[in-house]
Amino acid sequence: MFISMFGAVESGIIYALMALGVYLSFRVLDFPDLTVDGSFVTGGAVAAISIINGVPPILATLLAAIAGFIAGSITGILNTKGKINPLLSGILMMIALYSINLRIMGRPNLPLLNESTIFNSIESFWEKVGIDQALNGLVGVMGAERLPSTWSVLILMIIVTIIVKLMTDFYLRTEVGLALRATGDNEKMIRSLSANTDNLKITGLGISNSLVALSGALVSQYGGFADLSMGIGMIVIGLASVIIGEALFGKKTIARTTLAVIGGAIVYRIVVTLALRVDFLETGDMKFITASLVIIALVAPRMISARKEQKRRYRKQLALNNKAKEA
Amino acid sequence: MLHLNDISLTFNEDTPDEKKALQDIDLTLEKGDFVTVIGSNGAGKSTLMNVISGSLKPDIGTVKIDDKNVTPLPEFRRSNYIGRVFQDPMAGTAPSMTIEENLAMAYARNKKRMLRIGVNKKRRELFREYLLTLNLGLEDRLNAKVGLLSGGERQALSLLMATFTEPNILLLDEHTAALDPSRAELITKLTGDVVDRFHLTTLMVTHNMQQALDLGNRLVMMDKGQIIFDVSGIEKQNLTIEKLLHEFKRIRGEQLVNDRAVLG
């Protein structure tokens, strides 16, 4: 149990970067960007092919993020300069990326088994530090039977994700960031305040997809392969994380919301892991579980608040009736 | 300050729906002029506004601001010189962002937007001071989302946002039309105050004749895409609604058919 939860949190926090990207397009820019399904694979593909060709893993991961930025910008250009509907721009880009990703990889699947990745290169350094023994000792005392082989992935990813989160928070509070948020909130208004909304959308989608590609690059290194189909349904997983996170952890401020999105990505993985432990569910049912989760996260909060409202009204009426009785 | 030269604009040219929205408009505003524009629906007032702001391009003619030809500039570049308040109180502010964030965006209107924090301590103080002039208590609600404000409060905030950076030109597009009478009166008063305070060169479109008479030093009447009447100074001060209606009849030889205009 502990080991599967550990794995869920570990992969949840890697996918959290993708969820932050989806948050930027879907919530901040109010742009339902389907490029994500393609750019996630682009990230994995660029990182994998670079590593296989001897590029240092960190550089390969950065190249992946740049490739994602380019993909997102093109979606933005299609929408703003080509005047193509947002949804359609994303779909077109997603389909085009399918072929481009295949070209980048050369074949549908690239294994990274004996290559050095970000994770295994940090592991060798990590082992010397001896934190694993300490942490494993701790959870061992708490009663976990099987222990994770390394904590390095989790801790590295926590650090990376927090850095990305803080940078996103900062960016969204800058003058440019405020204009970006206003572009999604009231485009006419921010244009009358001399902001170039076309450029803002293009860079916004670029940044969003660079985070998605970054996540794809890390996922492929974590899993030890890049696969052409690894991006299918990624946008829905991203949306699930954003929506679950906002519903569970709130969205009062920007900093709170980005943290909620990360939390949402982790909760999503945990729920999926738990669901797959149910006997009659199979791995193939994962997409169905995801879709159900999104539906629940969208509908449940509304139902809960409607119920609260009903109760409140009922109490008010009751109080009024009691008053009438007394009088 | 603002110079419109021979502006013409026709919509749906060469179709049965052809509409000459503006015909040979010549209009010059001196620095500090406050011009009110009246006219019935479809007279071309809003089109004129949109041509000045850059959201519409004229078929022919030029728009100059401070002797600089801005005709080819897109809307967002022209907004460096132009502050604008729309008719819809929801249009001038971003609802899911806070009051101070909205002001910060307006503050950056005539500057280059950078990667530095939009609302810092110094600016917050500045915003508070400006909000005090509205007398609506908004200075204590800097972190409130603008979507929570009432229509009147939002329009007052829009007005402040359009003006406190002292634009070369202020465009007011029926900005009190969607408010109830008491709020409209408040915004009208604030408009007068703010224009005086910053000596703004202003063009205000209105359906409300009384408002057009009360505010500004010059009045322009439009009909069918043309400027048919233009008064300023003492002559404008002595105008009344009756005189205006009479004037319209004299020039056009027909009654001004507009209930809203007459009742206002």
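**Helix contacts, a chain interface and a sheet**

Student: Which residues in H3(A) meet H4(A)?

Tutor: A:Ala71, A:Ile74, A:Thr75, A:Leu78 and A:Asn79 in H3(A) meet A:Pro86, A:Ser89, A:Gly90, A:Leu92, A:Met93 and A:Leu97 in H4(A). Contact here is a matter of C-beta atoms, placed from the backbone, lying within 7 Å. By class, the residues of this contact are seven nonpolar, four polar and no charged. Nonpolar covers Ala, Val, Leu, Ile, Met, Phe, Trp, Tyr, Cys and Pro; charged covers Asp, Glu, Lys and Arg; the others, Gly among them, are polar.

The model is predicted: local features need pLDDT of at least 70 and side-chain atom pairs 80 or more, while totals for chains, interfaces and linings use all residues. Residues are numbered from 1 along each chain as its sequence is written, and chains are lettered from A and ligands numbered from 1 in the order in which they are written.

Student: What makes H3(A) oblique to H4(A)?

Tutor: The axes of helix H3 (residues 57–80) and helix H4 (residues 86–105) of chain A come within 9 Å and cross at roughly 140°. That angle makes H3(A) oblique to H4(A), because under 35 degrees is roughly parallel, over 145 roughly antiparallel, 65 to 115 roughly perpendicular and the rest oblique.

Student: Which elements of chain B give two or more residues to the side that touches chain A?

Tutor: In total, 26 residues of chain B are in contact with 20 residues of chain A. Helix H2 (75–78) and helix H3 (99–107) of chain B each give two or more residues to that side. H3(B) provides the largest share, four residues. The side of chain B that touches chain A has 12 nonpolar, seven polar and seven charged residues.

Student: Why do strand S6 and strand S10 of chain B stand at the edges?

Tutor: Six strands of chain B form an open sheet with mixed pairing, in the order S6-S7-S8-S3-S9-S10. S6 (82–85) and S10 (226–232) of chain B each have a single partner strand, so one side of each is left without a neighbour in the sheet. The twist averages 15° from one strand to the next.

Student: How do you know that S6(B) is joined to strand S7 of chain B?

Tutor: Strands pair if DSSP finds at least two bridges between them. Four bridges join S6(B) to S7 (residues 169–173) of chain B, and the two run parallel. B:Arg84 stands opposite B:Leu171 in S7(B).

Student: What does helix H5 of chain B touch?

Tutor: H5 (residues 151–163) of chain B packs on the sheet, touching S6 and S7 of chain B, and its direction makes about 175° with that of S6(B).

Terms used. Axes are lines fitted to C-alpha atoms, for helices over the stretch in contact, and angles run from 0 to 180 degrees between N-to-C directions. Two residues are in contact if their C-beta atoms, placed from the backbone, lie within 7 Å.
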